[in-house]
Amino acid sequence: MARLPLLGRLRSRDYAAIIVGALLVAFEAVLTFVISFLPKSVIQWFYDRSRSLFHLVVGPPVPKSDEQRLAERIRRAEDFQKLCEIFGYEHEEHVVLTKDGYLLGLHRLPAKRGEVRDHPGVSTRKPVVYLHHGLLMNSEGWVCLTSSERSVAFTLAELGFDVWLGNNRGNKYSKKSIHHSPTSRKFWDYSMDDFAWHDIPDSIEYILKVTKEPSLSYVGFSQGTAQAFAALSIHPPLNEKVNVFVALAPAMSPAGLAARVVDGLMKASPTLVFLVFGRKAIMSSVPTWQALLYPPLYSAVITGSLTWLFNWRCHNISSLQKLAAFAHLYSTASVKSVVHWFQIMRNAKFQMYDDDVQHVTLTSSRRTPRPSGVTAYAPLRFPTRNIFSPVVLLYGDCDSLVDIDAMLRELPRKNVRVRRLHGYEHLDVIWGENVHKDVIPHVVSALREHCVDPARLERSVKMTNGFDANLDDTTTTNTPAEPLSGVDY
């Protein structure tokens with residue numbers, strides 16, 4: 001198909017995708033603006049109508065089981081504290097001031113369920129593990145499961161770890177800076193570079209200072225893994241403070257999206273993406289839609305969106321888990337951080353943010369000679385081969401965002417282990433029905449192997465619903481991955 005003269009790297013279908021996407025976003029923005037002025041009675045009317053529509057399609061409501069009531073409590077929990085209280089855990093809240101002035105909320109599970117601590121905020125003399133969430137998420141994603149044995153955070157707390165959960169700048173628990181208000185564009189002027197330069201290393205430094213431990217174990221999910229890949233690659237001394245890095249659904253350079261409209265936007269100039277979404281927070285209207293829609297209907301909308309965008313069917317996540325967790329799925333993030341991922345996907349390189357968004361890409365035609373391939377400018381890549389902390393990769397073989405072979409080419413040949421999770425998609429790795437069998441035992445095994453003084457840990461856990469697991473046995477219902485070339489396994 002012939003290229004258009006303006007922005008020559010775009011094809012006609014890309015222009016169509018951009019126009020359709022811009023119209024949808026504009027419609028959503030206008031509708032959200034109108035909704036913001038509606039009284040609560042009108043919003044409740046829309047909620048009731050969506051509930052009636054749902055039951056008209058699927059049938060009348062039936063009495064709720066204990067599992068359904070628990071899922072409803074989790075869905076309604078307003079914050080991290082309420083989620084912990086449901087399962088009987090006490091938490092601590094900490095605040096990290098990054099070197100560039102952002103205030104980040106840290107959550108801590110320093111004790112087992114029912115264990116009383118006389119002196120909060122100090123060292124527990126336990127091995128430390130740090131959990132970090134994915135894109136458009138926050139720390140609630142680790143504790144909004146419908147059973148405690150399926151929560152990585154609660155399981156590690158029961159085993160005797162001092163569990164810390166981080167939050168990125170701009171999300172629900174980190175929307176404050178000493179320099180800028182969150183209503184200003186400057187507050188949202190950050191990308192994954194800033195997570196790597198400041199958020200991750202500054203959080204780790206704070207945690208080790210409080211716990212008085214020489215190192216900690218890092219468990220990341222999705223973008224939380226990318227932030228660690230980036231941080232460890234540009235801060236060599238940080239590797240000495242991370243005794244093992246467990247990457248769940250690891251992200252580095254995804255191939256792209258299944259939705260053609262969004263994929264067209266992704267291939268466009270970042271300037272156009274900023275034009276469509278602005279330069280502050282992305283998708284800030286999600287809580288409004290959540291208030292308007294009946295929860296099962298909202299869950300169905302999210303499931304449909306994930307299928308459209310990523311071709312994820314979410315078969316391994318139960319309907320009750322979706323109902324409970326999807327209410328905690330979204331948290332604010334900057335448009336710039338999403339644009340950064342678009343750049344990575346378009347260039348197929350795990351690179352730093354490309355500030356030179358206006359540079360021209362030469363194209364060949366019959367009238368012009370083919371360029372030599374040498375360019376005058378190339379964004380810096382994250383030097384991930386410099387990582388020397390042990391790395392464990394746990395990925396689903398049905399995850400459209402993970403290209404494990406491409407990832408392994410960018411990692412050091414030693415100290416990397418891989419576990420393929422058969423039939424798993426992206427979100428399944430933290431919310432799937434069998435994560436306590438297929439995922440958590442491998443996480444625990446890696447932490448026990450590398451953490452400081454593992455003799456301090458429990459050998460098995462007794463979870464809040466009576467589930468008793470011996471996590472020394474890493475036998476699972478999932479077939480082990482075959483050893484990959486150049487990878488220790």
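Which exposed residues does the face of α3 turned away from its buried side carry? That face carries Asp66 and Arg76; here exposed means over 50% relative accessible area, buried under 20%, and partly exposed in between (1.4 Å probe, protein chains only). This is a predicted model, in which local features need pLDDT of at least 70 and side-chain atom pairs count only at pLDDT 80 or more, while totals for chains, interfaces and linings use all residues. Residues are numbered from 1 along each chain as its sequence is written, and side-chain values use heavy atoms, with hydrogens and water left out.

**Helix α3**

- Helix α3 spans residues 66–76, and its buried residues are Ala71, Glu72, Ile74 and Arg75.
- These residues sit on the same side of α3 because they cover an arc of only 160 degrees around the axis, the arc being that of the directions from the helix axis to the C-beta atoms.
- Among the elements covering the buried residues of α3 are α4 (80–86), α11 (295–310) and α12 (319–325).
- Helices (H or I, at least four residues) and strands (E, at least two) are DSSP runs, numbered from the N terminus.

**The nonpolar core**

- The largest nonpolar core has 128 residues, and those with the most contacts inside it are Trp142, Phe229, Leu248, Leu393 and Trp431.
- Helix α6 (residues 192–211) gives this core its largest share, 8 residues.
- Such a core is a set of buried Ala, Val, Leu, Ile, Met, Phe, Trp, Tyr and Cys residues joined through side-chain atoms within 4.5 Å.
- Beyond its neighbours within four places in sequence, Phe229 has contacts (heavy atoms within 4.5 Å) with residues including Phe245, Met252, Phe350 and Leu393.

**Salt bridges**

- The whole structure holds 20 salt bridges, each a side-chain nitrogen of Lys or Arg within 4 Å of a carboxyl oxygen of Asp or Glu.
- Arg150 pairs with Glu433, their closest N and O atoms being 3.9 Å apart.
- Arg150 lies in the loop between β3 (128–132) and α5 (152–159) and Glu433 in the loop between α15 (428–431) and α16 (435–438), so this pair ties together parts that are 283 residues apart in sequence.
- Arg150 is buried at 3% relative accessible area, whereas Glu433 is partly exposed at 38%.
- Arg417 forms a salt bridge with Glu449, with 3.0 Å between the closest N and O atoms.
- A network of salt bridges links Glu92, Arg108, Arg117 and Asp162.
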